[in-house]
Every structure is written in structure tokens, then in C-alpha cells.
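Visitor: I would like to learn how to read a few features of a model. Please show me the structure, then take me through them.

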Amino acid sequence: MEPAGLQMWGWLGFACLSWICLGQAAAGPHYMVTIPAVLEAGAESRLCASLLSPNESLHMTVTLKSKEENITLFQQTSDVPKVLYSVRELEVIVQGQEFVMKEVRKVLIQSYTPQTFIQTDKPIYLPGQTVHFRVITLDSKLRLVNELFDVKVKVPEEMSVAQEDITAQVCSTYTYKQPVPATASLEICRPLDHHVIIPMRITPEHPLGEPEFVVPCHKETKKLDKTGCATFNFNMALFTRVEKLVRTELSVLADVEEEGTGLKYMAIETIQLSYVIGKLSFVDAHKVYERGSVVEGKVKAVYFNDTPIPNKVLHLFEGQRWSVAQLTQNLTTDSDGVAQFSFNTSRFEDNIKLTVSALPTLAYQGYRIPHYENDEHVLSVFRPKTEDTPTNSELEVKTRESELVCNVEEVIKVSFTFVGEAPGPVDIMYLILARGAISTLGLVKVEVLDKPVTKGEITIKLKVSPDMAPLVQVVVFAGLPSENIIAHKADFDTEKCFANQVSLEFSPSSAVPGEENRLQLRAQPDSLCGISAVDQSVLIKEPGKKLNADKA
């Protein structure tokens, strides 16, 4: 390298430089790298690196580093990564045969959006005068932005790793809904998992080191069509060849550059990756059976996109999944992905739990392993009712005679009865209604036991505030495993309470005619209080016309 050589990288232009990195080897060359402390995301900036008085052939490397990626900047133009806000490290390494020097500094990469300014012809107007104003939109370099536009990326929220193609659509329109003539770039990456650090590998070809693992990424560029959109297709296999060190999601970054102006906007979306390649379900299956009868039903197999799976071998199990589940039948789906089953219930005395699986066992299928999602179904045994056995599931809000006290935590009791329901969790929802609006809501989880009738009681804590008086309604409801809904409600009277408490007293409390008396009024600060003092006998002529707590 020539003495006092100066190399520049085209990044993003700034009016001033925020910091300077200066390094020196003992009695050797000097180097200097100058870069702004804040870089605009997605734009170009200028980095200045210089070597002073080198006495041998030197190699300089400038790297922009983060947890997600490392970008090595050689003697070339490079774009700043398109992120909304990120603190990264800029690493400068100067290496020769006699010495090696390294400096690291932090830089902030920040996204700047155009700002719109509205200016009137004068600050004050008289009534009836005409207001003249102008609107201007400027970018981060105070350049006029003639037309703003939006960028939208349409991708599925979730995809299965078994799907072959990823289809993404990038669309861009102006604020007045016309398509933007532009070029769109779409990049899909599978980012590193959280807290993963990639080691560097030193080789003769890469004496400064290269990462041992690079996240899978793929990028394509297309022109937007006359509707302002472009459709991209990527092969899922590009991102599923490696499962270690990466997240179960895809990061989608779209960059649209307007023709003629070079104005760029971007949009970011995320696709969650699912390892469910198909789903199994029970259809047209009975919920209750009589002992000794023949139970019939169907199971269905579909791919992740809900298309049927024909000629699929399925396995039907009976019993608890992790303990005594027994394989009872092997089934094969038809062209609609449906298979029928039937069995005699003579040997059963209680509820029957069925599981359909794509595997001949119900063992754990492993982490990040593509699999078919099993389904479970419970058949409840029919039990003839007796005088002591409830026939219907129900909820009941327990009422009370006394009023609810203001600003005191009260307890409302709710009893529940579940009849003939399959074992499992049930959420009992409750709403507290006051003055025509929902004041409070919540839920209490209970469990349906493996027996004909499950009974119990829950409590709801309620604190009456002044804005809830004078009446509170409690509504409870629950969705049962049988898909039935039960509900109940009750009304509760409250005390006549107000947010602003006022007290009035005389001192002394009793007095003779002509005696001096003091009236003391207490209320919250800035309260507007009205006081009237009349002989009590005056009110006898017009009873009921006085404003009191009952009429407030």
C-alpha cells in the first residue's frame, strides 16, 4: 500500500464526524478510521480509512459486527444494514508480518423517516380571514420528497416446514392509492437463535478468520408490475437444511426503490415455522355411549394447508396417552382423507378415551421433528338418572340479602355442577356489569373430574366503587367439553356511595335561640358546595322534593 494512502467506502453522508479511531504500532505505521457515530439504516454513508507511513505491505479489514451478522467492508461500496434501531460494533484490524492492531468502536444504526412540515402565512388570524398554508415533506438530508409511498409485504403468519414453496408479495402504493413505479428486493433469512455466538475459523485462505456458520438467506429483485406489486417464490428447503443454532421463524425484509428518485422504503414481516406437517381429527364421533353398544365414528387426515391425505395409514388407541393406551385398530384413509372405525363397548364400564395417531406408538416424537398432530376424543358412559343425581350442568350465582358495601372487598360465591362431561379443564368466565357497562371481567379455572357429576364452588372478589352504585349485576358462563354453554346471572344492590364525601357539623351540636354557633363543612379540595339553612318544619309542606342520596 502506498504511503499516506487514503481509501474511502461509500456509506451514508453526514455533515460532521462523530468520532475518530486512531491506532499506532510502536515506531511503526499509523492508521486512522473516521465514521459517524450514528448511521442511517438502509442508506449510504462514507467511511474514511487511512494508513500513514507504512513500512511494509499491510492488510486492513473493517468489519461491522452484531449478534445477527458480521459485514466485512473492503475497498468497496456497501449499504448500511436495514434495521429500525441497532447498536453495532465497527472493528478495524491492521495486520502485517511485524505487528497486528485492532480497534473496536460502537456505532448506532438508526432509521430516519421523512418529516412533514406545515407552515401558515401568519401566526394569528382574525375571524373571517383566509388562512394560507403550505405543506412540505423532507427527508433526513432536508431534500424534498415529492410523493410518499407505503410498502406492504404479504406472507403467511405461519408455515409448515413440509411446504415446498414460500410465496411472498410486495406491494407499494402512493398515499393516493396509485401504484409506485419501482424495483423491489425481497430477502428471507432464518436468523440465529437467541444468545448464540458463532466462533471464527482461521484458515490459510482466511487468516483473519471466517465464521463457522452462516445463517441461510436468499434474496431476489423484481420490478413492480402495473398494479404496484411483485410476487416472489422461494424454496423452503433453502432454510430447513440446518436446524441447529437458528430460530423457528423466517425474517422477511422488503426494500422498494422508486424509479427516478432513488427513494427507498422498506417493510419487515416474520413467518413462524411449524413442524406440524399434517393434522388428524375425529369427525362424526359420538360423545355418549351405552355399555354394550357398538360405537361408530370417523377420523380425518389433512396436510398443513387443510388438503386431504388419501391412503394414509392411521392408528387408533384407547386409554390414557402416557400410561396404558392400547392400539385397537389400524385404519386407512380414502380419497377424502377419511377413515371409519367401530368397536363394541361391552368390556368398558367408564368413559373411553380415544387417540388417533400417524405412528404405531404414542411416544414423544422429538424436538423440531416434522410430525402429524394427534387428536383425542372422549366417550362418556351413559348413566341413568336417579333422584339424587343432577340431570343438567349448571352455574349459579349465590345472592345475598344485604347490600354490597362501598370501597370494601366483597366475596361473591358461584356454584357449578357438570354432568356427563369429559374430564378436563373448564374456564368459568365472569363479568361485573354496572350502569350498562362492563366494569370488571375475569376467569377462574376448574377441573372436570373423571366421574359422572362434578360439583364445586368458586369465589369472585368484588370491590364496589362509587361509579358502580347503586346496582351491580354478576354474569357467569362457561364452555363445556361437550361444546355446550351454561350461564347464570344475579343482581346485587349496593350502598348509596359517592366519590366526593362531604361532612357537615355544628359546634355546639345544640344551641338555644340567640346563641352563637359555628358551621363546619368538609369536602375534597376544589369542591363546589351548596348550603341552605331553613327551619325543618318548612320541609313538612313539600315532602319528597329534596335532593338526597336516593335521587342522586
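Guide: Start with a disulfide, a pair of cysteine sulfur atoms within 2.5 Å. The link of Cys 189 and Cys 217 is right-handed, with 120° about the S-S bond. Cys 189 sits in strand β15 (residues 182–189) and Cys 217 in strand β18 (residues 217–223), so the pair ties together parts that are 28 residues apart in sequence. Strands (E, at least two residues) are DSSP runs, numbered from the N terminus.

Visitor: What should I know about the source?

Guide: This is a predicted model: local features need pLDDT of at least 70, side-chain atom pairs count only at pLDDT 80 or more, and totals for chains, interfaces and linings use all residues. Residues are numbered from 1 along each chain as its sequence is written, and side-chain values use heavy atoms, with hydrogens and water left out.

Visitor: Are Cys 189 and Cys 217 buried or partly exposed?

Guide: Read the relative accessible area: buried means under 20%, exposed over 50%, partly exposed in between (1.4 Å probe, protein chains only). Cys 189 has 16%, so this residue is buried. Cys 217 has 37%, so this one is partly exposed.

Visitor: How many disulfides does a search of the whole structure find?

Guide: Two. A disulfide also joins Cys 171 to Cys 229, S to S 2.0 Å. The torsion about their S-S bond is about 110°, so this disulfide is right-handed. Cys 171 belongs to strand β14 (residues 165–174) and Cys 229 to strand β19 (residues 229–235), 58 residues apart. Cys 171 is buried at 11%, and Cys 229 is buried at 12%.

Visitor: How do I read a nonpolar core?

Guide: Take buried Ala, Val, Leu, Ile, Met, Phe, Trp, Tyr and Cys residues joined through side-chain atoms within 4.5 Å. In soluble globular proteins, nonpolar side chains tend to be buried together. Here the largest core has 31 residues; Phe 149, Val 151, Ile 166, Val 170, Leu 186 and Val 256 touch the most other members. β12 (149–154), β14, β15, β19, β20 (249–258) and β21 (264–274) each supply at least two residues of this core. Apart from it lies another core, of 30 residues, including Leu 395 and Phe 492.

Visitor: Which residues is Val 405 in contact with, leaving aside its neighbours within four places in sequence?

Guide: Contact means heavy atoms within 4.5 Å. Val 405 has Glu 410, Val 464 and Glu 495 on that list. Val 405 is in the loop between β31 (394–397) and β32 (409–419). Its relative accessibility is 29%, so Val 405 counts as partly exposed.

Key. Helix = DSSP H or I, 4+ residues; strand = E, 2+ residues; numbered from the N terminus.
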